[in-house]
Amino acid sequence: MLKLKVNDIDVEVEEGLTVLQACEKAGVEIPRFCYHEKLSIAGNCRMCLVEMEKSPKPIASCAMPAAEGMNIKTNTSLVEKARKGVMEFLLANHPLDCPVCDQGGECDLQDQSMFYGVDKSRFKENKRAVPEKNMGPLIKTQMTRCIHCTRCVRFATEVAGVPELGAIGRGEDMQITTYLEQSMQSELSANVVDLCPVGALTSKPYVFEARPWELKKTETIDVMDAIGSNIRVDTYDWEVKRVLPIINEDINEEWISDKTRYACDGLLHQRLDTPYIKYNGKFEKASWQEVYKIIKSKLENTSKDKVCGFVGDLTNMETAYIFKEFFDRTVESVNYESRSDNRYINISKRENYLFNSSINGIEDADLILLLGANPRYEATILNARIRKSYLNNSTRIVSLNDCGDLTYPYESLDGQTKTIKEIIDDTHKLSKEIESAKKPMIIIGESLLRLENAKYLFENLKDFLNKKNKFSEDWNPLNILSCDAATVGNLDLGVLNNKTNLIEDLKSNKFEIVFLIGQDNLNFVKKNEFVIYQGSHGDKGAECADIILPGSAYTEQEGYYTNLEGKIQKAFKASYPPGDAKEDWQIINELAEFMNNRKLFNDKDELDSSMLNYLKLKSEKQTEQNDKNSISDFNNENLKINIKDYYFSNVIAKSSKTMIECNNAKINFKSTGTEG
Amino acid sequence: MSLRKPAKDQPDSFEFNPSSLEAANNIVAKYPKGKQQSAVMALLYIAQRQNNNWIPLAAMKYIAKFLDMPYIKVYEVATFYTMYNLSPVGKFFVQVCTTTPCMIRGANKLVEACKEKISENECELSSDKSCSWMEVECLGACVTAPMMQINDDYYEDLDKEKTSEILDKILNGETPKPGSYRGRINNEPENNRKTLTDLKNA
């Protein structure tokens with residue numbers, strides 16, 4: 001520990017920290033533009049100048065390592081003068097267009113010039129004008145406002161792993177641009193909008209939409225992937241204007257993916273706002289009472305084993321739980337399922353379907369083996385962590401398949417499952433590496449679990465790791481990379497049926513009533529089934545439905561989601577469902593009341609506590625079960641990673657215009673042929 | 001000076017010829033393994049020498065691949081240093097120093113001569129396409145200011161007339177004699193002064 005003084009306050013800091021961090025520890029705020037905790041140090045804005053005893057000139061505190069016995073002063077006239085001087089230079093070329101700038105109200109330069117700037121300019125020269133740059137469909141540029149902090153350049157190079165941004169030219173003529181103004185090919189690109197301390201890079205879809213002080217801010221959870229990024233939803237009236245990240249060091253750090261940020265305009269389109277009934281192939285508006293009545297008579301006149309229910313990929317846990325209760329208690333059937341494919345899951349123990357090493361654990365891992373997973377598209381934030389781990393520790397990364405550019409170098413194997421068998425049988429060179437690694441990570445994607453031999457591979461891989469003593473109290477090397485926000489929550493609640501294959505039965509049209517809760521990914525051909533769809537968006541599920549119950553999206557109701565690590569988080573209500581739509585749990589509760597004259601739960605609190613109690617009991621009871629005998633013989637298979645189209649992976653993203661633009665930009669980029 | 005943009009007409013491809021390749025490999029070999037990117041400036045210069053004194057985008061891409069670094073990083077370096085020409089220059093490439101010492105000694109007269117003889121704007125080819133000129137920062141020959149560089153040679157102790165004569169010669173395809181135009185040999189003092197303490201003739 002180093003001891004130093006900041007404004008006569010004694011502070012102790014760890015070695016390797018900077019003077020700026022020491023000042024923060026002493027509770028002294030230092031103005032800064034280029035410095036950012038998560039990025040490398042540039043030291044080029046000079047705003048953080050402080051006075052150091054025995055130094056003839058002020059020092060840049062962000063770039064100066066703290067040292068023993070330093071005496072730092074931040075409140076002297078020298079420091080004040082230095083800050084004023086730097087601010088004057090920064091403003092020399094910065095346009096005074098705050099009234100028409102989207103950053104206004106949340107602009108670092110605006111705030112700091114109020115505190116540290118002077119109220120008039122001595123420059124009579126013309127201001128510099130810089131042409132706008134094309135950075136793709138998400139980032140609007142107004143480069144005249146740029147103060148050359150290079151945060152965006154460092155972010156693209158370090159965190160996103162796409163070194164496409166750079167500063168060209170020199171001095172006054174310096175400009176930030178992408179290489180030949182191509183759009184940025186990263187799923188994290190829009191984070192540069194948050195990083196930009198001025199209005200040079202602003203959000204294109206959000207341009208001139210609202211001022212920050214007009215928006216209602218709700219801190220909640222994202223559902224675009226299974227990571228469960230912490231987000232802040234900004235709403236104006238009931239409309240979701242934008243989504244921003246909030247810091248959670250254990251999950252998303254400070255970043256969110258472009259899909260998380262920009263799919264929110266999908267909440268405005270294709271919405272189901274009133275109940276519908278299909279008469280002669282045409283949907284007609286109906287009242288809640290009418291649709292409940294029809295559902296009741298249908299359910300009463302159908303035998304229990306001909307009814308089935310499917311829960312979708314964005315459904316919160318309360319809805320899944322009350323749906324399960326509805327089937328158990330009201331319909332008295334166990335034909336419910338949350339998977340949309342026949343992937344293998346051993347739910348006897350939670351560890352069998354979680355990302356056990358945890359997202360933070362990625363940074364400690366010394367060997368990462370990807371089996372049937374493409375983390376760049378399946379879990380973008382997690383991929384950024386793997387890149388961070390690679391940058392900090394040069395972690396060795398091996399993938400069974402060639403996944404293209406993952407933003408870090410990795411060795412790819414042949415993509416055949418016999419290679420996994422070789423590893424399990426201790427005949428592959430990787431077996432030795434796994435054995436000698438202290439903290440290996442095996443990341444299993446859903447593509448592998450969909451294989452016919454998934455059970456053989458998964459259970460034997462677990463045995464192999466057990467034999468090598470890789471499971472310890474503080475490390476579990478087995479990781480399942482779930483893709484959807486609801487996956488783990490549904491498995492925790494036991495919303496699946498391992499006894500009968502409901503999806504095959506559905507595809508062979510064995511059911512008479514199909515109840516879909518936000519499930520749009522079942523590719524079945526409808527024959528004579530009576531389909532009830534409850535959800536927020538009109539997509540595949542609603543198209544084939546006979547009755548539509550309008551539900552709410554993730555920003556419109558409170559609900560729990562469990563992320564892929566098994567961390568349970570609550571999403572809060574930021575807005576209201578449109579029209580007559582109701583919260584999802586409420587619809588099922590009312591339906592149950594209509595059928596049996598008794599609600600399943602009196603209110604949301606009762607539902608919550610019942611569900612949390614269920615989870616608690618289940619976690620206490622779990623025992624590892626493994627039916628070894630039923631493992632079939634091994635056949636080699638070609639493992640192909642099937643990932644959903646990144647920008648269209650769920651109903652909200654599919655309804656989003658911004659996501660369509662992103663997808664088009666990507667297609668155009670590919671077809672120019674200049675990328676090679 | 002404003003930001004230099006790459007030329008509009010770009011060749012489709014670029015590759016080092018055998019002698020450039022050898023020179024490039026020699027330079028890369030000077031750096032430790034994994035640090036070969038440090039050779040980017042030298043390689044850009046080699047490419048410029050090979051390609052009629054300017055660097056096309058194809059060459060930047062080629063060098064980026066050669067050194068295994070992102071395109072934008074090479075592009076940054078090439079746009080930063082004024083020594084790299086991003087658009088075609090004449091066979092005779094005139095660089096007039098206009099930094100303070102030369103400016104005080106009348107560099108703007110040299111610029112005037114260039115404007116009259118070669119082209120109205122800098123970085124523009126002359127009417128016969130053989131010659132172009134630009135203002136540059138200090139070329140390190142302040143002792144013989146004002147001066148200019150034509151291709152690899154320095155022409156020193158100039159004034160407007162002498163500059164015009166030199167430019168006339170190069171526009172006729174001749175190569176004028178480099179060095180001082182007031183008869184100095186190298187940087188020796190004028191009027192037989194030999195030491196700094198010898199104040200007699202100062």
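## Helices 6 and 7 of chain B

In chain B, helix 6 (residues 107-117) and helix 7 (residues 160-171) cross at roughly 35°, and their axes come within 9 Å. Axes here are lines fitted to C-alpha atoms, for helices over the stretch in contact, with angles running from 0 to 180 degrees between N-to-C directions. Helices are DSSP runs (H or I, at least four residues), as are strands (E, at least two), numbered from the N terminus. The contact brings Lys109(B), Leu110(B), Glu112(B), Ala113(B), Cys114(B) and Lys117(B) of helix 6 together with Lys160(B), Thr163(B), Ser164(B), Leu167(B), Asp168(B) and Leu171(B) of helix 7. Two residues are in contact if their C-beta atoms, placed from the backbone, lie within 7 Å.

By class, this contact of helix 6 with helix 7 in chain B has five nonpolar, two polar and five charged residues. Ala, Val, Leu, Ile, Met, Phe, Trp, Tyr, Cys and Pro count as nonpolar, Asp, Glu, Lys and Arg as charged, and the others, Gly among them, as polar.

## About the model

The model is predicted: local features need pLDDT of at least 70, side-chain atom pairs count only at pLDDT 80 or more, and totals for chains, interfaces and linings use all residues. Residues are numbered from 1 along each chain as its sequence is written, while chains are lettered from A and ligands numbered from 1 in the order in which they are written.

## Helices 2 and 3 of chain B

Another pair to look at is helix 2 (residues 40-50) and helix 3 (residues 57-67) of chain B, which pack at an angle of about 140° with their axes 10 Å apart. Val40(B), Leu43(B), Leu44(B) and Ala47(B) in helix 2 meet Ala59(B), Ile63(B), Phe66(B) and Leu67(B) in helix 3. The residues of this contact divide into eight nonpolar, no polar and no charged.

## Where the chains meet

Eleven residues of chain B are in contact with eleven residues of chain A. On the chain B side, seven of the residues touching chain A are nonpolar, two polar and two charged.

## Chain A as a whole

Chain A has 21 helices and 26 strands. Its C-alpha trace spans about 90 × 60 × 55 Å along the principal axes. Buried residues make up 49% of the 676 residues in chain A; a residue is buried if 20 or more other C-beta atoms, placed from the backbone, lie within 10 Å of its own.

Among contacts in chain A between residues at least 6 apart in sequence, 68% join residues at least 24 apart.

Technical notes:
A residue is buried if 20 or more other C-beta atoms lie within 10 Å of its own, exposed if 12 or fewer, and partly exposed in between; C-beta atoms are placed from the backbone.
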